[in-house]
2 protein chains.
Amino acid sequence: MSSAAVAGVDLGGTKIEAAVFDDDHQVLGSARHPTPVMGGPPDVAAAIVIAVNEACGEAGCESGDLTGIGVGSPGVVDSGSGTVSGARNLPDWEGEFALGPELAEKLGTQIAVGNDVAVATDAEFELGAGKPYHSILGVFWGTGVGGGIVLDDHPWHGRGAAGEIGHMVVKIDGRQCQCGRRGCLEAYAGRGAMEARARKRHAEGEHTELFKIMEKRGRPRLTSAVWAKALEAQDKLAAELIDEAVSALGAGIASAVNLLDVEAVIIGGGLGVRFGEPMARRIEEAMAPHVFNSAHPPEVHLAALGDLGGALGAALLARRSVAART
Amino acid sequence: MSSAAVAGVDLGGTKIEAAVFDDDHQVLGSARHPTPVMGGPPDVAAAIVIAVNEACGEAGCESGDLTGIGVGSPGVVDSGSGTVSGARNLPDWEGEFALGPELAEKLGTQIAVGNDVAVATDAEFELGAGKPYHSILGVFWGTGVGGGIVLDDHPWHGRGAAGEIGHMVVKIDGRQCQCGRRGCLEAYAGRGAMEARARKRHAEGEHTELFKIMEKRGRPRLTSAVWAKALEAQDKLAAELIDEAVSALGAGIASAVNLLDVEAVIIGGGLGVRFGEPMARRIEEAMAPHVFNSAHPPEVHLAALGDLGGALGAALLARRSVAART
């Protein structure tokens with residue numbers, strides 16, 4: 001094992017992805033666990049510890065041997081103290097929890113915590129589809145719709161809450177969003193909102209294969225794979241809800257592009273990665289009627305690092321954090 | 001006259017504002033002329049020459065004595081060559097015109113050309129309501145709705161077309177915008193769009209004082225002053241169209257804030273300046289339901305430099321351009 005190995009953890013609403021990387025960013029070991037749906041922050045931290053130890057086992061090392069571990073987390077992250085608050089997609093995590101210190105104690109190495117979307121955007125910028133550019137917008141289409149911004153080779157975080165492309169308004173007086181507001185992009189395109197809408201229409205008697213596919217796969221939720229399978233089966237409701245999501249993504253992403261005029265848009269996230277290249281093209285087409293600088297639209301690419309981008313971005317954060325301290 | 005005097009020109013769709021400033025940014029002389037509605041770019045350039053010479057006369061100098069002249073222009077500006085193209089609000093100015101060289105020849109000093117909204121934002125950032133902040137969004141509410149962005153103390157222009165907040169989509173499948181797209185903020189809030197809508201509803205027989213006030217004032221268009229007077233007179237149609245504009249501004253500005261998380265929003269432009277502080281508060285209220293980081297909304301301020309902000313920003317550009325060359 002390289003002496004410079006680090007681990008990265010992508011803490012998501014449905015799964016925890018941990019991976020150990022050598023200094024060439026190659027995967028030495030990885031593990032994936034479902035995110036606990038019960039309990040609270042300490043239970044989530046315990047599940048992260050298990051996932052990291054498992055990835056270390058595959059890499060042939062102990063967590064304490066790692067140069068550092070990075071965690072990409074939803075919610076509001078205080079990177080100085082390693083605390084995370086308001087992580088609405090995680091169980092009972094409205095308040096503040098000192099995730100960094102807790103993991104440092106249990107795993108015996110330095111922990112760096114960053115925002116999940118920000119680290120995933122950083123990974124695409126440094127090592128993935130964003131490499132050729134100086135300014136990108138990362139769009140992570142999954143349970144919610146997250147955004148990451150790199151301008152002039154530097155990430156832009158605002159006062160810590162930038163990138164909320166999912167809560168840009170695409171329809172005044174529009175649909176209720178799970179955040180409580182109205183007309184947000186996420187209310188049309190978030191997998192959570194799409195599932196809520198599918199359940200409602202199914203309960204009202206509308207035919208769909210979505211829930212049969214879900215049950216057949218033994219899933220409690222409409223995962224990205226379930227949506228993909230339903231589209232393949234030409235399920236009418238699934239197709240309609242995806243059409244609506246793509247139309248909203250086109251308007252929302254184009255709005256962001258009209259404001260920022262970035263060189264490229266990188267589409268990632270669970271749904272983005274699952275649907276792949278043809279969907280990236282559909283999103284690009286949906287953006288076109290709204291892009292103001294139509295002579296110079298941005299390039300639109302699929303995220304190149306796939307499912308592992310979040311963990312890789314977290315590992316990059318760990319490396320940078322260790323370098324800054326030494 | 002100070003040896004470091006510069007002039008700034010704010011080239012707008014309705015008026016040309018020229019002013020001579022000393023090195024403390026104090027006005028030594030100014031002039032305002034209507035923008036020619038007929039002819040083409042050379043006629044506009046000739047009107048700029050007249051306005052600058054008049055401002056110089058008041059300042060007691062010749063244009064050739066000035067250290068430099070800055071021009072804030074609509075359209076796509078190539079600051080290197082001083083050319084302006086696609087200035088849709090100016091007469092017959094779809095193509096490219098070498099405004100900088102033309103003015104340099106006629107006025108006998110160095111000319112720097114920049115985007116009108118960018119220079120006005122810069123003026124507010126350096127000398128106006130944006131002074132206390134490191135990141136601001138300038139929103140210029142006039143014939144159209146323009147946006148200027150300063151992040152981490154630096155203007156962000158993207159690839160030259162950033163800041164098009166007026167063409168962020170606030171309503172998918174919404175109203176036709178004068179740019180040809182649908183659902184843009186400007187289709188609801190631009191003074192041009194508001195006038196088109198008022199004319200249509202007036203022609204359909206709806207009562208309004210708007211056009212009576214316009215005629216009484218001898219104006220060919222619904223100027224900001226006409227709208228302000230109609231609101232004062234509690235004109236129902238005017239109030240309704242302004243309500244709609246404020247609602248769209250609230251959604252659009254909040255969307256931009258959710259993406260960028262800037263410290264402050266500065267409201268300027270013809271309508272913004274005319275309606276003043278109470279309208280800035282109304283816009284802030286209209287933003288509130290859409291701001292995602294509701295615990296830390298941005299400060300919302302009225303532009304502090306008023307009508308002269310554009311000319312002052314252009315003068316700052318001239319100063320910076322001269323400093324860079326010497």
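Author: Two residues are in contact if their C-beta atoms, placed from the backbone, lie within 7 Å. The model here is predicted.

Reader: How many residues of chain B are in contact with chain A, and what makes them count?

Author: 36 residues of chain B are in contact with 36 residues of chain A. They count because their C-beta atoms meet the 7 Å limit.

Reader: Which element supplies the largest share of the side of chain B that touches chain A?

Author: That is α8(B), with 9 residues. Both β10 (145–151) and α8 (236–260) of chain B give at least two residues each.

Reader: What is the make-up of the side of chain B that touches chain A?

Author: The residues divide into 19 nonpolar, 11 polar and 6 charged.

Reader: What makes up domain 1 and domain 2 of chain A?

Author: The domain assignment gives 6–120 + 308–325 for domain 1 and 132–304 for domain 2. Their centres, taken over C-alpha atoms, are 25 Å apart. Domain 1 of chain A brings 8 residues to the contact, and domain 2 of chain A brings 12. Helix α3 (residues 116–127) of chain A provides the largest share of the domain 1 side, 3 residues. That side holds 4 nonpolar, 4 polar and no charged residues.

Note on methods. Residues are numbered from 1 along each chain as its sequence is written. Chains are lettered from A and ligands numbered from 1 in the order in which they are written. This is a predicted model: local features need pLDDT of at least 70, side-chain atom pairs count only at pLDDT 80 or more; totals for chains, interfaces and linings use all residues. Domain bounds come from an automatic or database domain assignment. Helices (H or I, at least four residues) and strands (E, at least two) are DSSP runs, numbered from the N terminus. Ala, Val, Leu, Ile, Met, Phe, Trp, Tyr, Cys and Pro count as nonpolar, Asp, Glu, Lys and Arg as charged, and the others, Gly among them, as polar.
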